[in-house]
Amino acid sequence: MSSLRSAAPKLRNYFRDKYIPQICEALLCGLLVTCPDDPLRYLEQMIKIIIKNGLENLLWDMCIDPSLKPKLRRLSETYLEQLFGLDDQMVTPELMVKACTFYTGHLVKSHFGGWKEVAIPRANQEAIMAEKMSRAMEHYNFRCLKLFFTHWFSYVKTTRERLVVSLLRLQVMFYNQRQKLLLARWKERARQRSKSREDELILKHELQLRKWKYKLSKSIAVEEKPVSPEQSASDTAVLDVPVEFDIAVLPERAIMQIFLYLSFRDTITCGQVNRSWMAMTQRGFLWNAIDFSTSKNIADKCVVTTLQKWRLTVLRLNFRGCLFRTKTLKAISHCKNLQELNVSDCQSLTDESMRHISEGCPGVLYLNLSNTAITNRTMRLLPRYFHNLQNLSLAYCRKFTDKGLQYLNLGNGCHKLIYLDLSGCTQISVQGFRNIASSCTGIMHLTINDMPTLTDNCVKVLVEKCPRISTVVFIGSPHISDCAFKALSACNLKKIRFEGNKRITDACFKYIDKNYPGINHIYMVDCKALTDSSLKSLSVLKQLTVLNLTKCIRISDAGLRQFLDGPASARLRELNLTNCSLLGDTSILRLSERCFNLHYLSLRNCEHLTDMAIEFLTNMLSLISIDLSGTLITNEGLSTLSRHRRLRELSLSECTNITDLGIRSYCKTSLHLEHLDVSYCAQLTDDIIKSVAIFCTRITSLNIAGCPKITDGGLEALSAKCHYLHILDISGCILLTDQILQDLRIGCKQLRILKMRFCRSISVAAAHRMAAAVQHQEYSSGNPPRWFGYDSEGNPLAEPHSKVPIKNYSELIVKEAFSSDEENPDSNLK
């Protein structure tokens with residue numbers, strides 16, 4: 001039978017329970033010892049005996065005859081356990097005696113040998129000691145060598161590390177030196193390229209200036225040359241000015257986009273060129289918005305004809321400041337689809353005209369009636385016809401009363417009104433504001449300027465009935481206090497503006513984060529009671545984007561630092577700190593570290609700012625407009641600021657420390673500059689104008705008022721190069737003559753606003769001729785006032801004078817005083 005070591009557990013348990021190994025062992029032992037003649041019969045008898053005695057009493061020698069049993073002591077239960085894998089052994093006494101004898105002998109031998117080594121000394125002790133000494137010396141020498149080697153290895157490692165550090169230092173020095181050489185060569189090459197570019201621009205400027213002078217002399221000659229009766233004006237124009245570009249080569253879609261930028265007069269003129277141009281001007285979308293305010297001296301018949309022709313197309317009309325007859329304004333009623341109407345400053349507008357307009361144009365959404373003579377009769381018409389009116393301006397309309405405001409609630413009323421402007425309506429009382437609150441409950445934007453009678457009670461009345469107000473503008477209302485600000489907390493304000501108020505204190509901002517969490521525009525101009533505590537309260541506003549603190553003179557560096565440390569600085573886009581004279585360079589440092597989205601910054605008249613602050617401003621790459629007027633900035637500061645190449649607007653008015661050199665160094669790198677203000681810098685000369693003309697050809701606004709050293713040569717260069725100039729202020733430039741007006745009229749055809757007060761060398765006749773080429777002009781031929789800082793000859797005054805506003809100059813002439821005696825060609829239009 002094979003071993004059961006690998007058998008299944010169930011089979012092995014069966015063998016154990018039934019004593020199979022013991023039975024087999026007893027039967028086999030009996031067969032082997034007895035050797036019967038009939039084995040089968042012997043087995044049958046033995047099995048009966050085993051069953052009779054029971055399996056529990058089974059012994060391995062039970063089947064052996066007692067005479068044949070060996071004289072052995074049973075040491076285990078069975079001898080077949082090893083056969084069946086039960087891991088028991090069979091040991092005889094003889095084997096046990098042998099094992100004990102071997103173990104005893106081995107134990108005696110090992111202990112006796114150890115005892116002999118300890119107890120019996122050796123004979124060759126000296127040799128042993130000598131051998132031990134030699135071993136000790138070898139060990140000592142080895143330890144010494146090991147110690148010396150360790151020190152030597154440490155020294156070699158340290159020396160190698162020092163050598164590596166020295167090599168790295170030499171390598172760094174080599175790289176730095178090589179970098180310095182490369183940078184020096186690069187700077188030299190960049191300087192050469194900048195110089196070559198500058199020379200190229202100057203050469204180009206000189207060539208263009210020569211061409212300009214030739215063209216100017218040619219145009220003067222053509223003007224002085226008599227024209228024969230048979231020669232038409234068109235022929236003269238063709239001979240005089242050659243065609244440089246034919247608009248017909250452009251796609252029709254591009255041409256139509258160009259026509260969208262034309263004024264009303266220019267569109268009419270283009271329609272008279274030829275048939276194709278006339279067809280282009282007859283497109284309906286060109287007449288969706290008509291602006292009559294930019295075109296003076298338009299015949300009433302032309303206006304009526306135009307409105308009748310395009311009555312179904314017109315959506316927006318602008319008659320601001322127009323002096324048309326009442327019958328002409330009645331023609332507005334033909335425009336049935338009109339949505340926006342601006343008749344502000346129209347002195348000829350009457351209640352009768354508004355009756356015709358309201359009956360014919362019921363879809364008006366935007367209506368501007370500011371500074372007109374309307375009365376309660378017009379106020380009665382508004383809710384009757386303009387049911388969808390959303391934007392209404394009644395600024396400086398002083399002939400209607402509180403009862404007129406009550407009419408707004410008649411019929412369907414003006415309940416869709418969102419924007420309301422009541423600036424300058426001083427006749428309105430508290431009852432009038434109650435009428436407004438009852439009729440216009442959906443107002444979101446409220447503007448009330450120049451209302452000295454406005455009180456906190458008026459504001460409370462409005463807030464109670466108009467909880468949707470999100471924008472309030474209170475300018476020129478000195479009686480408004482913190483109570484009004486607290487009452488406005490019931491509204492979800494987004495924009496708030498106070499100006500010239502001394503009763504607004506830090507208390508109004510104490511709980512601004514809880515009352516106005518979504519406010520994003522705050523204008524607190526000339527509120528002298530505000531201190532650093534207000535800025536600390538404003539620092540928690542996470543939606544703030546515009547903050548104007550002009551003339552808040554009690555604000556210091558500590559308050560601004562507390563404001564900038566809060567979350568409000570993260571989204572701040574516009575910051576105005578004009579006349580905050582306590583601020584210094586540390587505020588600008590913190591400003592450059594926290595305000596990463598700031599676009600517009602005004603530091604006007606911050607007298608403690610130096611060139612160090614300019615260094616910090618250079619790191620604010622998001623800035624596009626900065627006002628440094630009245631500061632201590634020098635030429636070095638301007639040179640530092642020239643590294644900021646993204647500025648579009650720069651104001652340096654009254655900066656007495658800058659010269660032509662600083663302006664020139666800044667203009668060299670500011671090719672995209674659009675607005676420059678260097679007014680009242682009396683030390684500047686024509687060089688700044690030439691620098692602007694050479695490098696800043698994209699400039700659109702230039703203010704050189706109060707610069708007495710500017711001559712015709714500088715303005716001639718400006719007229720030759722800066723063709724995009726829209727605004728020019730040359731007030732107080734006493735050396736300018738009539739020649740510059742002719743240059744501006746030819747070179748700067750996009751000039752819209754021209755201010756030339758106190759220009760005594762410019763004649764009235766030349767100013768009258770220039771008025772026809774611009775939209776707004778201011779002129780006076782008197783001597784400059786003393787606060788300009790110089791006399792009529794341009795010499796500086798010994799005693800400084802404070803700047804005061806202009807009052808009642810008899811020679812001050814604006815464009816509206818000029819009128820052309822020639823008949824307008826538009827009057828012949830049918």
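This is a predicted model: local features need pLDDT of at least 70, side-chain atom pairs count only at pLDDT 80 or more; totals for chains, interfaces and linings use all residues.
Which residues of helix H15 (residues 430–439) are buried?

**Stop 1: helix H15.** Select residues 430–439 and display the side chains. The buried residues are Gly432, Phe433, Asn435, Ile436, Ala437 and Ser439. An α-helix has 3.6 residues a turn, so residues three or four places apart point the same way.

**Stop 2: the aromatic rings.** Colour the rings of Phe, Tyr and Trp. The count of aromatic pairs comes to 19. Select Phe292 and Phe319: their ring centres are 4.8 Å apart and their planes stand at 20°, so this pair is stacked, the limit being under 30 degrees. The pair links distant parts of the chain, 27 residues apart. Phe292 lies in the loop between strand E1 (289–291) and helix H10 (300–309), while Phe319 lies in the loop between strand E2 (316–318) and helix H11 (326–330). Phe292 is buried, with a relative accessible area of 0%; Phe319 is buried as well, with a value of 0%. Now extend the selection to Phe264, Trp287, Trp310 and Phe324, which form one aromatic cluster with Phe292 and Phe319.

**Stop 3: charges over rings.** Select Arg380 and Tyr407. The charged end of Arg380 sits over the ring of Tyr407, 4.3 Å from the ring centre. Finally, move to Arg497 and Tyr523, where Arg497 lies over the face of Tyr523 at 5.3 Å from the ring centre.

Notes. Residues are numbered from 1 along each chain as its sequence is written. Side-chain values use heavy atoms; hydrogens and water are left out. Buried means under 20% relative accessible area, exposed over 50%, partly exposed in between (1.4 Å probe, protein chains only). Helices (H or I, at least four residues) and strands (E, at least two) are DSSP runs, numbered from the N terminus. Rings of Phe, Tyr and Trp (its six-membered ring) pair if their centres lie within 6.5 Å; planes under 30 degrees apart count as stacked, over 60 as edge-to-face and the rest as tilted. A charge sits over a ring if NZ of Lys or CZ of Arg is within 6 Å of the ring centre and within 35 degrees of the ring normal.
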